[in-house]
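Hi everyone, thanks for coming. Have a look at the sequence and the structure on the screen, and then I'll talk you through some of it.

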Amino acid sequence: MKPVTLHQLRVFEAAARHNSFTRAAEELYLTQPTVSIQVKQLTKAIGMPLFEQVGKKLFLTDAGRELYAASKDVFERLSQLEMTMADLQGMKQGTLRLAVITTANYFIPRLLGPFCQEYPGINVSLQVTNHEGLLERLSDNQDDLYILSRAPSGKDYAAQPFLDNPLVVIAPINHPLAGKKEISIQRLAEEPLIMREQGSGTREAAEKLFEAAGVQMNVKLDLGSNEAIKQAILGGLGLSILSYHTLTSLGETPMLTVLDVEGFPIHRQWHLMYPQGKQLSVVAATFRDYLLAESKKLGEDINLDQVMRGR
Ligand code: PGA
């Protein structure tokens, strides 16, 4: 293999990630012919084709895929090095790439505020997606840290639980079941439910509970947003099963209440995860320590006993 330059690798990495020379050119502020020339020179140096064109679509060849994986490693290592150097100079600097599950959106952005104030040199890139989307990002190693509820089993990932995530049954305060004690799951199944979309962790946990009780869920509406579900409950479309965090993030939600249903709350925990053996950047390790310390305070917001007794 002939020598390759970092510039060629950067251009190739962007073209491979976008599957497009045009979009790579836009991202790197280059012209499209410049991208083509760089990829051509790299192809020559490697001695094998890196892309193949089928119709109008661009695909990586086997050699291209190997080179893409290697270039991602190179750039990740370089960005870690940059952060380590900044750390040696006494500055916490760099980008924190965080991927969080939809429901964690209720507390993570609030925690990021004080974190960014404490470390003004750190920029944050925050990706929000549902459980399924997050697992994809995790297996592709696209981010530094991941926050999700159900950690995948096995030894491939380091997972640290840091906060409770109870799932509760939510109804409008004027619902006939509001204030009733020990409602059976069969009785709940008679009510129309507004549930999160397939692929959501909340949905999966609720389905498991119904399945274990041998009861069919009566799903009237699927919605991809916790906030839209709360509005639909208020609109009288039905009840829902959501994380308790969706109610308490900005104080109480006075028009909604938690029902006392058998099997609830479903006990879940938030986990901080990353691939086992991944060397965390200085910035990511700083955020991990911050999150684990701050989540203790957040946990004090969740007094479920009081919720189940008082509502
Ligand atoms: P979700 O995940 O936002 O995909 O429902 C939350 C959870 O897994 O508890």
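This is a predicted model: local features need pLDDT of at least 70, side-chain atom pairs count only at pLDDT 80 or more; totals for chains, interfaces and linings use all residues.

I'll go through the core, then a helix, then some salt bridges, and finish with the ligand.

Okay, the core. As a general point, nonpolar side chains in soluble globular proteins tend to be buried together. In our model, the largest nonpolar core has 36 residues. The ones with the most contacts inside it are Leu 96, Phe 107, Ile 108, Leu 145, Ile 147 and Phe 287. And who's contributing? Seven elements each supply at least two residues, if you'll let me list them: strands S3 (94-101), S5 (145-148), S6 (157-164) and S12 (269-275), plus helices H5 (108-118), H6 (131-139) and H11 (282-299). Which one gives the largest share? That's H11, with seven residues.

Skipping its neighbours within four places in sequence, Phe 287 is in contact with Leu 96, Leu 98, Leu 112, Phe 115 and Leu 145.

Now over to helix H1, residues 6-18. H1 has 13 residues, and at 1.5 Å a residue it should span 18 Å. The C-alpha atoms at its ends are 18 Å apart, so that agrees. Which of its residues are buried? Gln 8, Leu 9, Val 11, Phe 12, Glu 13, Ala 14, Ala 15 and Ala 16. And what do those buried residues pack against? Helices H2 (21-28), H3 (32-46) and H4 (62-88), along with strands S1 (51-54) and S2 (57-60). Then, just after H1, there's Asn 19, which takes a positive phi of about 55°.

Start with Asp 62 and Arg 65, where the closest N and O atoms are 2.5 Å apart. Both sit in helix H4, and because they're three residues apart, about one helical turn separates them. Asp 62 is exposed, at 57% relative accessible area, while Arg 65 counts as partly exposed, at 45%.

Next pair: the side chains of Asp 144 and Arg 97 form a salt bridge, 2.9 Å from N to O. Asp 144 is in the loop between H6 and S5, and Arg 97 is in strand S3, so this pair ties together parts that are 47 residues apart in sequence. Is Asp 144 buried or exposed? Its relative accessibility is 5%, so it counts as buried. Arg 97, at 27%, counts as partly exposed.

Asp 143 also has a salt bridge, with Arg 137, at 2.9 Å from N to O. Asp 143 is buried, and so is Arg 137.

Last stop, the ligand. Which residues surround it? The list is Ile 101, Thr 102, Thr 103, Asn 130, His 131, Ser 149, Asn 165, Arg 196, Ser 200, Gly 201, Thr 202 and Arg 268. Let me zoom in on some polar atoms. A side-chain N or O atom of Ser 149 is 3.2 Å from an oxygen atom of the ligand. For Asn 165, a polar side-chain atom lies 3.1 Å from a ligand oxygen. For Arg 196, a polar side-chain atom lies 3.1 Å from an oxygen atom of the ligand.

How values were computed. Residues are numbered from 1 along each chain as its sequence is written. Side-chain values use heavy atoms; hydrogens and water are left out. A nonpolar core is a set of buried Ala, Val, Leu, Ile, Met, Phe, Trp, Tyr and Cys residues joined through side-chain atoms within 4.5 Å. Buried means under 20% relative accessible area, exposed over 50%, partly exposed in between (1.4 Å probe, protein chains only). Helices (H or I, at least four residues) and strands (E, at least two) are DSSP runs, numbered from the N terminus. Contact means heavy atoms within 4.5 Å. The expected span of a helix is 1.5 Å times one less than its number of residues. A salt bridge is a side-chain nitrogen of Lys or Arg within 4 Å of a carboxyl oxygen of Asp or Glu. A residue is near a molecule or strand if one of its heavy atoms lies within 4 Å of it. A polar contact is a pair of N or O atoms within 3.5 Å; within protein, one must be able to donate a hydrogen and the other to accept it, and residues adjacent in sequence count only if both atoms are side-chain atoms.
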